[in-house]
Amino acid sequence: DNPKQSSQIPVFIRILDINDHAPEFANYYETFVCENAKAGQLIQTVSAIDKDQPARGHRFFFELVPEFAVHPNFSVVDNKGN
């Protein structure tokens with residue numbers, strides 16, 4: 001909570017879609033990472049929705065783009081729950 005010791009950085013998400021409506025995040029996410037976060041610590045869980053049919057049949061995959069997946073500061077784990 002000390003503005004002098006904080007910084008912000010945007011994270012860009014590339015969404016690939018094959019039908020009428022693009023997937024969207026299920027919520028607005030604003031994530032905070034504290035300086036004492038431990039390696040392997042869960043930082044944020046995200047979920048997606050898609051307005052296309054079938055409502056319960058969509059399967060989403062989240063992954064780092066290949067150019068940042070070699071030595072990332074963050075990792076993405078698919079919990080298989082959209």
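**Entry: what I am looking at.** I noted that this is a predicted model, in which local features need pLDDT of at least 70 and side-chain atom pairs count only at pLDDT 80 or more, while totals for chains, interfaces and linings use all residues. Residues are numbered from 1 along each chain as its sequence is written, and side-chain values use heavy atoms, with hydrogens and water left out.

**Entry: the whole chain.** I counted the secondary structure and found zero helices and two strands in the chain. I then looked up burial, where buried means under 20% relative accessible area, exposed means over 50%, and partly exposed is in between (1.4 Å probe, protein chains only). Of the 82 residues in the chain, 9% are buried. The chain exposes about 8100 Å², of which carbon and sulfur atoms supply 54%; accessible areas come from the Shrake-Rupley method with a 1.4 Å probe, and for residues only the protein chains shown count as cover. For contacts (heavy atoms within 4.5 Å), I found that residues 24 or more positions apart account for 34% of those with a separation of 6 or more.

**Entry: around Phe25.** I came back to Phe25, which counts as partly exposed because its relative accessibility is 32%. Together with Val11, Ile13 and Ile15, Phe25 makes a nonpolar surface patch of about 380 Å². Patches are made of residues with over 30% relative accessible area and no salt bridge, and like charges are joined within 9 Å, nonpolar side chains (Val, Leu, Ile, Met, Phe, Trp, Tyr) within 5 Å; a salt bridge is a side-chain nitrogen of Lys or Arg within 4 Å of a carboxyl oxygen of Asp or Glu.

I next searched for aromatic pairs, in which the ring centres of Phe, Tyr and Trp (its six-membered ring) lie within 6.5 Å, with planes under 30 degrees apart counted as stacked, over 60 as edge-to-face and the rest as tilted. By this rule I found one aromatic pair. The rings of Phe25 and Tyr29 have their centres 5.5 Å apart and their planes at 85 degrees, so I recorded the pair as edge-to-face. Tyr29 is partly exposed, because its relative accessibility is 22%.

**Entry: His21 and Asp52.** I located His21 in the segment before S1 and Asp52 in the segment after strand S2 (48-49). Although His21 and Asp52 are 31 residues apart in sequence, their C-alpha atoms are 6.0 Å apart in space. Which of the two is buried and which is partly exposed? Asp52 is buried because its relative accessible area is 8%, whereas His21 counts as partly exposed at 37%.

Leaving aside neighbours within four places in sequence, I found His21 in contact with Asp50, Lys51 and Asp52, and Asp52 in contact with Asn19, Asp20, His21 and His58. I also noted that the C-alpha atoms of Asp52 and Pro23, 29 residues apart along the chain, are separated by 8.7 Å.

**Entry: Asp20.** I placed Asp20 in the segment before S1, and Asp20 counts as exposed because its relative accessibility is 72%. Asp20 and Asp50 are 30 residues apart in sequence and 9.6 Å apart in space, C-alpha to C-alpha.

Key:
Helices (H or I, at least four residues) and strands (E, at least two) are DSSP runs, numbered from the N terminus.
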